[in-house]
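Thanks for coming, everyone. Please bring the model up on your screens before I start.

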Amino acid sequence: MYDLLIKNCQLDGKNADIAIGNGKIAAIGTIADAAKETFDASGMAVIPPFYNTHTHAAMTLLRSYAEDMELFDWLSNHIWPIEAKLTEEDIYVGSRLATVEMIRSGTVYFNDSYWMPRAALRAVRESGMRATLGLLYLCNPSGDVPDAAAAANRELLEACGEDDPLITVAHSPHAIYTVSTEVLKDISCQMENDGFRVHIHVAETAKEVEDCRKTHNGMTPVEYLDSLGIINDRAMLAHCVHLTDHDREIIAQRGAYIAHNPVSNLKLCSGIFDFERARAAGCRVTLGTDGTSSNNSLSMLDEMKFAALSAKFTGNSPKAGRVGDIFNIATAAGCAFAGVDAGSIAVGKAADILLINLKHPALSAGYDLISDLVYAGEPEMIDSVICNGKFLMKNRLIPGETEIVDAAREVCAKLKRAI
């Protein structure tokens, strides 16, 4: 008996049933076998869901706070001071709110980097999503990781265990300008022993690149990190707006991943990532939203549209940022970094699935569903979300959503009083 049977859906334009068992797609076709649960998907199409490869989930609590500023002023004088007021319970509430927003817009996985990561672990487990949670490193003026941050990292490792198929852990040094060479070297050594991924902001601004060249013998941030052994096939390099041809060559040769964050980059005026040049160099590009302070949304639908448009602008060609390439970086490419055998609807793949309501007005023409989602996608088009064979949202309903939103409102009201 199957765990779940999806009946009468549209798969690649054809009617099909999809059977799910043990978290995987067990069969596709006309299926009459019994299942513990049957879901009628008439009028719906099935597609792979989205994998958000760079975000700071709990920053939902800071959405629209400290707007219209330069990155370093924004971080140093506004974001970090208010973040210092957050408790672990606050971060749990903000992370839980983020899971609701991501699920509503079709995301089943996120790669997170934030304070007190054990709080995010609790939120993710309650949501049923997949995630990579970061061991966060930011150094004090002496070049050391503060005791509280180190303790928080240990707590995450103790709480995670090794038998959760949905949760992985990554080393998450914030950036080269906030983490010392000694700590980065230590992370590189740890990676050889623990096999963890690494997640770091890289070449986000022109200032970062300029300062790095001055400090590290003319090396770019990519060259510097490569000299320390940080860039490898388990590395997620967020932003990568300001890359040289040699940087792209290094990233491609090492098999590292790039998390493209077009909305955040545009909002902070960090620059525009050259998508086509990175692809041509053989770089593995994925898609992320960044946090809601610098985006203000966690919708990968929005991110796909901006990725496509920015690629066309940078490449000066309407043929750049093709629909299939953009959808791939939001789905299958992110799966590869996450270590999930998904990204397509096929027998044997992990049962991560979106059910799209084809009756939505913007889908009426029906020429090309993926094009519609990339250029006109809205969360309301997504009827249901399945992760690892289980519903995260069914018929637009997420269990406990009202309570989650109410709790976030209370935390934000407290923060406003503290400002």
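First, the ground rules. This is a predicted model, so to speak of local features I need pLDDT of at least 70, and side-chain atom pairs count only at pLDDT 80 or more, while totals for chains, interfaces and linings use all residues. Numbering runs from 1 along each chain as its sequence is written, and side-chain values use heavy atoms, with hydrogens and water left out.

Let's begin with strand β5, residues 44-47. In β5, Met44 and Val46 point one way. Ala45 and Ile47 point the other way. Which are buried? All of them are. Buried means under 20% relative accessible area, exposed means over 50%, and partly exposed is in between, with a 1.4 Å probe and protein chains only.

What does β5 pair with? Its partner is strand β14, residues 353-357. The sense is antiparallel, over four bridges. Two strands count as paired if DSSP finds at least two bridges between them. Within β14, asparagine 357 is the bridge partner of methionine 44.

Now the backbone. Most residues other than glycine have a negative phi, and most peptide bonds are trans. Here are some exceptions.

Asparagine 295 and asparagine 296 are joined by a cis peptide bond, with omega about 5°. Asparagine 296 sits in the loop between β13 (284-287) and α11 (300-315).

Next, asparagine 217. Its phi is positive, near 55°, and the residue is not a glycine. It belongs to the loop between α6 (206-215) and α7 (221-227). Is asparagine 217 buried or exposed? It counts as exposed, at 78% relative accessibility.

Histidine 239 also has a positive phi, about 85°, and is not a glycine. This histidine is in strand β11, residues 235-239. Histidine 239 counts as buried, at 0% relative accessibility.

On to the cavities. How many cavities of 30 Å³ or more does the structure hold? Two. A word on method. On a 1 Å grid over the protein atoms alone, a cavity is a set of points where a 1.4 Å probe fits but cannot get out, and lining residues have an atom within 4 Å of a point. Points are joined across faces, edges and corners, and the volume is the space filled by probe spheres set on them.

The largest cavity holds about 240 Å³ of space. It is lined by 22 residues, and His56, Met59, Leu75, His174 and His201 are the closest to its centre. Helix α1, residues 71-83, gives the largest share of that lining, six residues. By class, the lining has 12 nonpolar, seven polar and three charged residues. For those classes, Ala, Val, Leu, Ile, Met, Phe, Trp, Tyr, Cys and Pro are nonpolar, Asp, Glu, Lys and Arg are charged, and the others, Gly among them, are polar.

The second largest cavity has about 30 Å³ of space. Its lining includes His260, Phe273 and Ser310. Helix α9, residues 262-267, gives the most to that lining, with three residues. The classes are four nonpolar, four polar and no charged residues.

Last topic: salt bridges. Side chains of opposite charge can pair when their charged atoms come close. The rule is a side-chain nitrogen of Lys or Arg within 4 Å of a carboxyl oxygen of Asp or Glu. By this rule there are 22 salt bridges.

Take lysine 394 and glutamate 37. Their closest N and O atoms are 2.5 Å apart. Lysine 394 lies in the loop between β16 (390-393) and α15 (401-418), and glutamate 37 in strand β4 (residues 35-40), so the pair ties together parts that are 357 residues apart in sequence. Both ends are partly exposed, lysine 394 at 31% and glutamate 37 at 29%.

Arginine 118 and glutamate 88 form another, at 3.0 Å, N to O. The arginine is in helix α3 (residues 117-127) and the glutamate in helix α2 (residues 88-104), so this pair ties together parts that are 30 residues apart in sequence.

Then there is a pair within helix α6. Glutamate 210 and lysine 214 meet in a salt bridge at 3.2 Å, N to O. They are separated by about one helical turn, because they are four residues apart in that helix. Glutamate 210 is partly exposed at 43%, and lysine 214 counts as exposed at 63%.

Technical notes. Helices (H or I, at least four residues) and strands (E, at least two) are DSSP runs, numbered from the N terminus. On a 1 Å grid over the protein atoms alone, a cavity is a set of points where a 1.4 Å probe fits but cannot get out, and a pocket is an open set with protein on both sides within 12 Å along at least five of seven lines; lining residues have an atom within 4 Å of a point.
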